[in-house]
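Reader: I would like to learn how to read a protein model step by step. Could we go through one together?

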Amino acid sequence: MIKNNARRLFLLIFFLGPAVIIYTIFSVYPLIATMSLSTFTADSSGARHFVGFDNYIVLMTDKDWRDPFWNAFLNNIWFFIIHMLVQNPIGIAIAGLLSLPRLKFRATYRTLIFTPTMLSVVIIGFSWNLILSPLWGISEGFLKFLGLGTLFRPWLGLESSALITVGLISVWQFVGIPLMLIYAALLNVPSELVDAARIDGLSHLRIFFAVKLPLIAPTIGLVSILTFVGNFNAFDLVYSIKGALAGPNFSTDLLGTFFYRTFFGNQLQLGSPTMGATIATSMFLIILIGVCIYLYGIQRRLERHSF
């Protein structure tokens, strides 16, 4: 008995030990260090002093910090809503079409749709800046060719449309991820249920909504929470398209770009690692609260649909 327990302990350490060490070094320690740094402030000489939760109070009450924070937070919510209302429904619809048994060239369609996800964010940001540019972009000429030239606007240069435009570019890039996850879930739907529904005279559309969709509800929930986490960590696409200032007039500013400017500084302000750590910790808490709401409030209701 003792030898068996020792053998199990050895196997656990042998197989899980390296992963635990790597995870601790690259995830747990940076998180703890960031949370610790957020409780300090630095004076003009660079010396740090412990201030407890004062940085969080400043972030929530000082107008110079409060307004940019809430602006970035609300933009993040809108960014998330765009993905939930556009990206995920499109992913579900395309996955449903690709799961049709008689559809030809399914592998080709999957590859083409997933290709933007594999491209560098820098390439995507630069390319869409060129496409939508009112000076040398092709979008205006393309709309004129279709007889819709009057609809053209410098969408990335208008406060009212810049965030929506960046959000749609992000949807175009990442729609392949929910597509693949939902497509895999659809392939795992028991064929007996589909055959029974087909015998009952249900059409492909009715089978999808009445049989398949309820069964893949847990996967859709997983895609939703992954979308939430990814959107509230978003930074690179906004930075590659609009830069650190997330213009025009911070209309595309997200928590990620706000953190970047605060921590590293830019032409408008000096960097503050302590306030940057405060914002990073706030981002972590926001994501943690969202994930907990999903796990304890939504996932349990979806588990009854699992198969």
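Reader: In which helix does valine 20 lie?

Author: Before we look, please keep in mind that this is a predicted model. Valine 20 lies in helix H1, which covers residues 2-37, and the protein as a whole has 14 helices and two strands.

Reader: Is valine 20 buried, partly exposed or exposed?

Author: A residue counts as buried under 20% relative accessible area and as exposed over 50%, with partly exposed in between. Valine 20 has a relative accessible area of 49%, so it is partly exposed. Together with Phe10, Leu11, Leu12, Phe14, Phe15 and Leu16, Val20 makes a nonpolar surface patch of about 730 Å².

Reader: And how should I read threonine 262, buried or exposed?

Author: The cut-off for buried is under 20% relative accessible area, and threonine 262, with a relative accessible area of 0%, is therefore buried. Threonine 262 is found in helix H13, residues 255-264, and, leaving aside its neighbours within four places in sequence, it is in contact with Trp65, Gln269, Leu270, Gly271, Ser272, Met275, Gly276 and Ile279.

Reader: What share of the residues of the protein count as buried?

Author: Of the 307 residues, 35% count as buried, while the accessible surface of the protein comes to about 18,400 Å², of which 70% belongs to carbon and sulfur atoms.

Key:
Residues numbered from 1 in each chain as written. Predicted model: local features only at pLDDT ≥ 70, side-chain atom pairs only at ≥ 80, totals over all residues. Heavy atoms only, no water. Helix = DSSP H or I, 4+ residues; strand = E, 2+ residues; numbered from the N terminus. Buried < 20%, exposed > 50% of the residue type's maximum accessible area, 1.4 Å probe, protein only. Areas by Shrake-Rupley, 256 points an atom, 1.4 Å probe, with all protein chains shown as cover. Patch = residues over 30% accessible without salt bridge, like charges linked within 9 Å, V, L, I, M, F, W, Y side chains within 5 Å. Salt bridge = Lys/Arg side-chain N within 4 Å of Asp/Glu carboxyl O. Contact = heavy atoms within 4.5 Å.
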